[in-house]
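Morning, everyone. Let me put the model up, and then we can walk through it together.

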Amino acid sequence: MNRSASNVIDAAGPLSAQLAVNDFELFDIPKQFAQDRAALDTRWKNLQREAHPDKFSARGTAAQRVAMQWSVRINEAYQRLKDPLRRAAYLCELAGAPINAENNTAMPTEFLVQQMQWREELDDATTADSLRNLHQEVLQTRDAALANCESLIDQTQDFSKAVQQVRALMFIERFVKDIDTRLDQLDAV
Amino acid sequence: MALLQISEPGQAPDPHQRRIAVGIDLGTTHSLVASVRNSVAECLPDAQGQVILPSAVRYLDNDGRQIGSDALRAQAEDPQNTLVSVKRFMGRGLKDIANADKLPYQFVDKPGMLAIQTRAGEKSPVEVSAEILATLRFRAEDTFNDDLYGAVITVPAYFDDAQRQATKDAAQLAGLNVLRLINEPTAAAIAYGLDQSSEGVYAIYDLGGGTFDISILRLTRGVFEVLSTGGDSALGGDDYDRVLVEFVQSTTQCVVVTPSDKAQVMVAARACKEALSSQDSMQFEVTLASGAVACKVTRAQFEEACKPLTQRTLNAVRKALRDASLQKQDIQGVVMVGGSTRMPHIQTAVAELLGCEPLTNLNPDEVVALGAAIQANQLAGNNPDGELLLLDVIPLSLGIETMGGLVERIVPRNQTIPTAMAQDFTTYQDGQTALALHVVQGERDLVADCRSLARFELRGIPPMVAGAARIRVTFTVDADGLLSVAALEQHSGVQANITVKPSYGLSDDQIATMLQDSFKTAEQDIKTRALVEARVDADRMWLATQSALQADGDLLSAQERIHIESLMATTLNSKKLEDAAAVEAATEALAKGTEAFAAQRMNRGIQNALSGQHIESI
């Protein structure tokens with residue numbers, strides 16, 4: 001979550017002010033969790049149509065560099081906006097409630113117990129098929145947590161609870177990745 | 001060399017000012033050059049009418065060389081001086097080459113990239129590739145009777161940074177202006193996409209002579225968005241040949257020892273494999289030092305023997321689907337690219353896995369070059385209303401080494417380029433004033449299992465307690481997929497930058513030397529040519545500045561304007577001199593002096609475009 005392109009943009013000097021608008025402003029969309037993914041994709045492509053370095057390939061190195069900064073900034077915003085977890089974290093941050101994942105790892109006991117159960121199931125799985133059920137279950141849990149994020153951020157605007165939920169989602173997300181890695185290994189056998 | 005660009009947006013160069021731009025497919029087994037003529041992309045033939053140039057270079061006595069079919073014919077008789085499939089060695093050390101002992105070459109192990117000993121001396125894969133690229137460049141220049149403006153060169157999507165850099169170096173060595181490196185599957189998609197105006201999600205399965213790529217793309221209104229990519233940059237038709245040789249060896253117990261033996265079995269295996277695509281059995285025949293060998297191979301036997309190879313490609317397809325978060329039913333169609341996809345069992349296996357009949361209506365050998373030509377035409381500014389936009393990804397994660405030989409990933413694979421990502425690091429010891437940064441590429445967690453791209457140091461950090469320094473490391477990947485890295489200590493402002501080249505690429509000095517060497521043998525009068533080119537460049541730059549001043553002069557202060565006008569006058573005067581270097585210097589001064597102005601104009605242009613966008617998109 002602490003990754004950013006900010007120092008590339010700083011190097012742009014006078015551009016920094018224009019590039020530094022928040023992702024929602026850059027994409028000209030409402031600052032909220034609920035987003036239409038298809039509309040977001042279209043918007044991203046339309047912005048890249050205007051700013052991509054390929055559109056300026058016949059206009060010199062300076063033009064290329066500026067276009068590249070814009071293009072990088074648009075890609076950065078798109079990555080953050082299209083990923084529900086990162087979008088939620090970003091909204092919390094903009095609302096003055098940063099996630100601070102490194103410093104704050106306290107999680108409710110029942111959540112941790114479930115995580116441990118999942119881990120055991122993952123370790124015991126020997127075939128790709130035996131992992132599918134676990135995969136489904138984890139994805140469902142993730143979807144429920146995202147729905148909760150939406151209501152906490154967009155409806156009740158309870159950002160301290162939203163931060164908790166985002167932290168839990170980060171655990172779930174990491175676990176989904178671990179399942180994917182395991183599936184890769186099992187497929188490769 | 002100054003890079004000059006003129007056209008205002010929307011303003012097409014007039015027809016005789018059309019820039020000659022080509023697409024080049026630099027393949028493992030063969031290479032092609034294509035260009036858009038009369039709105040149609042076509043491969044350019046040589047004087048004999050052949051479009052395919054075998055990627056083979058033979059070094060002769062007295063600095064001579066044969067390139068293409070002539071070289072290939074000599075493969076068995078002169079194996080150590082006839083280099084084929086060098087693409088597999090690009091950006092690679094000797095330890096990276098599996099089965100090096102099966103090849104007839106005298107390898108020289110060098111830090112960074114291996115070289116091959118020939119009668120003309122040591123040759124790096126970059127130099128050999130440059131010979132092939134230069135041959136295609138001359139073919140294009142002869143076809144159009146004009147100089148090339150630039151070229152788009154294709155690389156396997158799965159090529160890492162070292163391999164891409166080596167390819168770009170080779171193009172530079174061949175005197176080509178590289179407009180862009182693009183990925184082969186993406187190029188193939190362009191050729192198909194524009195022909196059929198298809199929309200939706202497509203898989204491109206590209207099995208070439210030495211590399212395998214799978215890319216999943218979404219096509220919408222001229223935008224080619226790569227969702228994920230995967231593959232193996234050391235798996236291709238050559239490996240199927242090798243499996244066939246192993247099969248024959250284990251059946252007949254024949255021994256392959258001499259360089260000539262090794263080259264002959266390679267040639268025989270390829271012929272046998274190709275025949276098995278259209279017939280059920282084939283006689284594998286070869287005369288080795290130890291005597292003649294004949295062995296009947298059936299298609300079924302061959303397919304069984306190479307099953308593990310095909311299986312590896314299918315695993316990569318599954319992984320690419322997972323990376324794109326898609327199921328196989330989301331795939332609308334699959335495009336087959338590369339000569340190796342002519343093998344019937346490959347087509348069947350892919351059709352079975354993805355549940356759709358592969359598209360093979362374009363020639364799988366030509367499709368990559370054709371797509372590259374379409375992109376080159378647009379990048380050269382010949383098609384200002386073109387809708388084509390490539391949003392490609394990096395194939396392999398980029399990261400740096402942290403304590404304990406572990407990799408901290410900074411840019412994950414399948415990230416859309418261009419991209420810039422940063423991560424903060426800190427010092428390990430009290431009073432530490434320098435930091436060694438080791439840049440690596442790959443998916444594994446241990447540095448030892450990833451490819452080392454570069455090492456550099458950040459020095460002059462003020463002494464602080466361990467953990468107090470804030471060092472922000474930023475990775476920037478440009479639209480060619482090439483990486484540069486910057487490190488900045490945030491309290492002190494100490495910084496270090498690196499364009500990733502040292503451990504695997506050639507230094508600029510090495511390239512300059514090679515260029516000089518290659519010019520020594522060139523027939524043209526380099527000096528005259530350089531002067532003409534320098535004057536043309538100066539004209540372009542002067543005109544571009546002139547029209548920029550007319551369009552956006554209001555962005556400049558009076559003083560800035562005077563400075564630019566004096567640089568313009570100097571450029572104009574320098575053209576009267578018979579000195580290419582002086583003209584270049586003046587042009588470059590003008591280019592440098594107008595950089596800030598160009599940046600401001602661009603920024604104004606993009607902002608206008610983006611705000612215009614809002615209205616359009618509602």
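Start at a turn. In chain B, strands β20 and β21 form a hairpin with 3 residues between the strands, and there B:Gly404 takes a positive phi near 85 degrees. A word on terms: helices (H or I, at least four residues) and strands (E, at least two) are DSSP runs, numbered from the N terminus. Two strands pair if DSSP finds at least two bridges between them.

Now the ground rules. This is a predicted model: local features need pLDDT of at least 70, side-chain atom pairs count only at pLDDT 80 or more, and totals for chains, interfaces and linings use all residues. Residues are numbered from 1 along each chain as its sequence is written, while chains are lettered from A and ligands numbered from 1 in the order in which they are written.

β20(B) and β21(B) are antiparallel and share 5 bridges. B:Leu398 has B:Val411 of β21(B) as its bridge partner. On to the next pairing: β20, residues 398–402 of chain B, is also joined by 3 bridges to β23, residues 435–441, again antiparallel. There, B:Gly399 has B:Val440 as its bridge partner in β23(B).

The order is β21-β20-β23-β24 in chain B: an open sheet of 4 strands, with antiparallel pairing. Which strands stand at the edges? They are β21 and β24 (451–458) of chain B; each has a single partner strand, so one side of each is left without a neighbour in the sheet. On average, neighbouring strands here are turned by 30 degrees against each other, direction ignored. For such angles, axes are lines fitted to C-alpha atoms, for helices over the stretch in contact, and angles run from 0 to 180 degrees between N-to-C directions.

B:Glu408 sits in β21, residues 406–411 of chain B. Is B:Glu408 buried, exposed or partly exposed? It counts as partly exposed, because it has 14 C-beta neighbours inside 10 Å. The scale is this: 20 or more other C-beta atoms within 10 Å of a residue's own make it buried, 12 or fewer make it exposed, and in between it is partly exposed; C-beta atoms are placed from the backbone. Beyond its neighbours within four places in sequence, B:Glu408 is in contact with B:Gly399, B:Ile400, B:Thr402 and B:Gln423. Contact means C-beta atoms, placed from the backbone, within 7 Å. From B:Glu408 to B:Leu398 is 10 residues in sequence and 8.5 Å in space, C-alpha to C-alpha.

Inside it, β13 (residues 200–207) and β14 (residues 212–220) of chain B pair in the antiparallel sense over 8 bridges. B:Tyr202 stands opposite B:Leu217 in β14(B).

Step back to the whole of chain B. It holds 15 helices and 27 strands. Of its 618 residues, 48% count as buried. Among contacts between residues at least 6 apart in sequence, 69% join residues at least 24 apart. The C-alpha atoms fill a box of roughly 85 × 65 × 55 Å along the principal axes.

Now chain A. It has 9 helices and 0 strands. Buried residues make up 33% of its 189 residues. Take helix α8, residues 128–155 of chain A: 28 residues, reaching 40 Å from first C-alpha to last, close to the 40 Å expected at 1.5 Å a residue. That expected span is 1.5 Å times one less than the number of residues. In α8(A), A:Val138, A:Cys149, A:Leu152 and A:Ile153 are buried. After α8(A) comes A:Gln157, with a positive phi near 50 degrees.

Last stop: the loop between α7 (109–124) and α8 of chain A, where A:Thr126 lies. A:Thr126 counts as exposed, because it has 9 C-beta neighbours inside 10 Å. A:Asp184 is 58 residues from A:Thr126 in sequence and 12 Å away in space, C-alpha to C-alpha.

Terms used: Two residues are in contact if their C-beta atoms, placed from the backbone, lie within 7 Å.
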